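Open the model in your viewer and keep the selection tool ready. We will go from stop to stop.

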Amino acid sequence: MTLLDVEDVTMRFGGIVALDGLSFSIDESHICGLIGPNGAGKTTMFNVVSRIYQPTLGSVRFRGEELLTVPAHAIARLGIARTFQNLALFPTMTLLENVMVGAHSQGRVGFGKAISRISAAGDNRRTRDDAGDLLHELGLGHLAFVPAAGLPFGTLKRLEIARALAARPSFLLLDEPAAGLPHGEVDELGHTISTIRDQFNLTVLLVEHHMSMVMSISDRVVVMEFGRKIAEGTPSEVQNNEKVIEAYLGTTA
């Protein structure tokens with residue numbers, strides 16, 4: 001069953017065409033990798049789906065309903081959550097508190113209470129317990145009461161995923177989650193993404209430059225160049241596509 005259907009999306013910034021009639025779909029419970037060279041339009045498409053940008057033309061349907069009429073602040077209640085390439089965490093708050101903030105979109109704890117730490121009171125014990133469980137699932141349970149400031153980059157990447165999961169999404173958008181990680185941590189993160197997809201019954205849209213991770217965990221891969229889709233298929237099909245080899249992966253000559 002199709003969860004997300006992107007149809008003929010065009011995005012213009014003045015005279016610059018960042019997206020040019022882009023179309024693709026994502027089936028429920030699939031991991032879809034969105035790849036392409038720098039400037040291909042991946043982040044622009046990501047921001048259209050997460051409602052930061054309003055496209056010039058086209059349609060984006062989520063569970064059959066038009067998403068482009070939904071304001072950005074309302075998409076979390078539809079079951080859509082995202083992470084950011086540049087970390088958007090609260091450094092002076094503990095890991096547990098950061099994850100609890102992610103729960104506010106479901107109405108289980110208000111944003112004001114979460115950020116002011118009132119959420120640690122007994123009447124929000126369920127939220128606190130759920131946040132602790134998410135930290136344990138991502139291997140961060142032992143750091144629950146440690147402030148985020150100064151922790152390793154890989155740890156903070158996992159924390160941001162945990163905070164996104166606190167919103168109880170069905171559709172998770174991951175914006176270059178492996179950026180800045182050493183090779184060993186990239187492989188570990190790929191395993192984590194596959195695990196949480198299965199455990200939380202997620203559909204995932206993944207924008208990433210680490211090809212080995214994308215190809216190892218994705219069910220489908222969409223390849224972009226200059227705002228257009230040049231290929232779509234399984235990882236094997238994409239890796240053997242001549243247009244992809246030439247435009248992105250490099251020629252064999």
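Start with F13. This model is predicted. F13 has 36% relative accessibility, so it counts as partly exposed.

Show both side chains. F13 and Y53 form an aromatic pair. How are the two rings arranged? The pair is edge-to-face, with 75° between the planes. Centre to centre, the rings are 5.4 Å apart.

Next, trace where each partner sits. F13 belongs to strand β1, residues 2-13. Y53 is in the loop between α1 (42-49) and β4 (57-62). The two parts are 40 residues apart in sequence, so the pair ties them together.

How many aromatic pairs does the structure hold? It holds 2.

F62 lies in strand β4, and F171 lies in strand β7, residues 171-175. The pair links parts of the chain that are 109 residues apart.

Move on to R82 and F84. Look at the charged end of R82. It sits over the ring of F84, 4.1 Å from the ring centre.

Now select T155. You will find T155 in helix α5, residues 153-165. Its relative accessibility is 15%, and buried means under 20%, so T155 counts as buried. Which residues does T155 touch, leaving aside neighbours within four places in sequence? Show L95, L140 and L143: T155 is in contact with these.

Go back to strand β1 and pick D8. D8 is not a glycine, yet its phi is positive, about 50°. D8 is partly exposed, with a relative accessible area of 43%.

Finish at N201. Look in the loop between α6 (183-199) and β8 (203-207). N201 also has a positive phi, about 55°, although it is not a glycine. Is N201 buried or exposed? Its relative accessibility is 54%, and exposed means over 50%, so N201 counts as exposed.

Conventions
Residues numbered from 1 in each chain as written. Predicted model: local features only at pLDDT ≥ 70, side-chain atom pairs only at ≥ 80, totals over all residues. Heavy atoms only, no water. Phe/Tyr/Trp six-rings, centres within 6.5 Å; stacked < 30°, edge-to-face > 60°. Helix = DSSP H or I, 4+ residues; strand = E, 2+ residues; numbered from the N terminus. Buried < 20%, exposed > 50% of the residue type's maximum accessible area, 1.4 Å probe, protein only. Lys NZ or Arg CZ within 6 Å of the ring centre and 35° of its normal. Contact = heavy atoms within 4.5 Å.
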